Amino acid sequence: MAGIVGILAFDRVWNVGKFLKYSMVGLQHRGYASSGVAMLNNEIVFATKDVAPEDLELDMEGWAGIGYTGSRNGYPIVNEDVAISVDGVLRNPEEFLKKFTKDPRKALEEEKGVYSLIALTRDGDMIGYRDETGIRPLSLGGFGFDMAIIASEPVAMSVIGGDFRREIEPGEMVTVNSLNIKAERIKEPKKAYCSIEYVYQARIDSFANERSIYETRVKIGEQLAEERPIDADTVIGVPDTALPFALGYSRKLGIPMDLGFTRTGSPIRTMLASDSFLKIVGVQLKLNPIKDAVFGKRVVLIDDSMVTGTTLKNTIMSLRKLGAKEVHVLIGSPKLVSKCPYGVEVPEERELIAANLGEEQIARVLGADSIHWLTLDGLKKVTNYNLCTGCMTKSYPKVI
Ligand code: SF4
């Protein structure tokens, strides 16, 4: 899983270095264990690798550049003519780079991976491509009449004051240079958007597959209220992703919503944290419960997903310690029961609690009074019917 971004200035007097840096910072929620940048001045310069976007030097020089922030080492891949950042999985990245250098169109037609990419050529073309499934997102935008931006999510544009124009269609290639912007269909769409983008991957102020992420998450909360109305005193969401779920649930049932947690330090997505210490500390930093929000109350606690259950177990334990009378858990996604072959870090089946235990057992292990996951039908109803749900159903789109 990764965030990719490319910025090309139409006039070569611009230096896009600092725009690129802050766009990448805006995409760090998609992964930050590894990152890299390639800049184009008169030739492609591979500026840096394995530096967190926030720590990138601002003296990067170039009128165009591409960046990668994510979990895979090795991006961007570069030779003297082309640099490529990829969100997803290519069959053989080095082989692909060679083919792409000779003929981008043919390389894209023949590649069987699941991915979005942004490439920069020495001739001054920036190319964005989203495979025919659209599993990985990609959008097109700009900075006034001065720059074109291609990025995983529109937030990479808005954080630098740029504008989102449109999403790149599944199977579409967009080529931008200082003279024009050209869109071509490379493959017929076979849409299978990643469910996880809606549930927790995309940023709350983003947009994916024609849906506002914020509104979609509020609707997920309303859907949970329809599926499992609970007689409770307060609804709290695990920050930040589950807050709109809690809002939707609260509005639908007329149960007050409280801010149940405050955070110490910067947010750490525990599933993406690069080592086990960060995973443990991340749980604590992420969730510091507020006693007055839960003391003596019947609490509905909503989270976005459940992987191993460790985070929730700790959270429920601390809510009880602070005097919560009951804790009912709602999960804003269907059960995760299998891995993702397309580059999203969903652990192996043996580590996924919902793949191994029944609902009552899970509630007992977590110390919850009850538990409910969003149904698959509910997810489709509020998001999209063209969905990949492989990690929830073990039925994967037939694309590779
Ligand atoms: S398997 Fe799951 S995480 Fe992977 S693309 Fe499909 S929905 Fe997304």
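## One turn of helix 3

Lys 106 and Glu 110 sit 4 residues apart in helix 3, so about one helical turn separates them. (Helices, H or I with at least four residues, and strands, E with at least two, are DSSP runs numbered from the N terminus.) The two residues form a salt bridge, with their closest N and O atoms 3.5 Å apart. Here a salt bridge means a side-chain nitrogen of Lys or Arg within 4 Å of a carboxyl oxygen of Asp or Glu. Side chains of opposite charge can pair when their charged atoms come close.

How open are these residues to their surroundings? Lys 106 is partly exposed, at 44% relative accessible area, and Glu 110 is partly exposed too, at 37%. (Buried means under 20% relative accessible area, exposed means over 50%, and partly exposed lies in between, using a 1.4 Å probe and protein chains only.) Helix 3 covers residues 104-110 and includes Pro 104, which counts as partly exposed at 23% relative accessibility. Pro 104 and Ala 119 are 15 residues apart in sequence, and their C-alpha atoms are 9.5 Å apart in space.

## About the model

This is a predicted model, in which local features need pLDDT of at least 70 and side-chain atom pairs count only at pLDDT 80 or more, while totals for chains, interfaces and linings use all residues. Residues are numbered from 1 along each chain as its sequence is written, and side-chain values use heavy atoms, leaving out hydrogens and water.

The structure holds 24 salt bridges. One of them joins the side chains of Glu 132 and Lys 187, at 4.0 Å from N to O. Glu 132 lies in the loop between strand 8 (126-130) and strand 9 (139-143), and Lys 187 in the loop between strand 13 (181-185) and strand 14 (193-194), so this pair ties together parts that are 55 residues apart in sequence. Both Glu 132 and Lys 187 are buried.

Another salt bridge brings together the side chains of Lys 394 and Glu 349, at 3.0 Å from N to O. Lys 394 belongs to the segment after helix 14 (390-393) and Glu 349 to the loop between strand 21 (326-331) and helix 11 (353-356), so the pair links parts 45 residues apart in sequence. Lys 394 is partly exposed at 45% relative accessibility, and Glu 349 is partly exposed at 32%. Elsewhere, a network of salt bridges links Arg 30, Asp 87, Arg 136, Glu 153 and Glu 197.

In contact (heavy atoms within 4.5 Å) are 13 residues of domain 1 and 12 residues of domain 2.

How much area do domain 1 and domain 2 bury between them? The value is about 870 Å², with 61% of it on carbon and sulfur atoms. Buried area is the accessible area (1.4 Å probe) that two parts lose on being put together, summed over both. Tyr 32, Ile 135 and Lys 191 supply 43% of the area that domain 1 buries against domain 2, more than any other three residues. Across this interface the rule finds 0 salt bridges.
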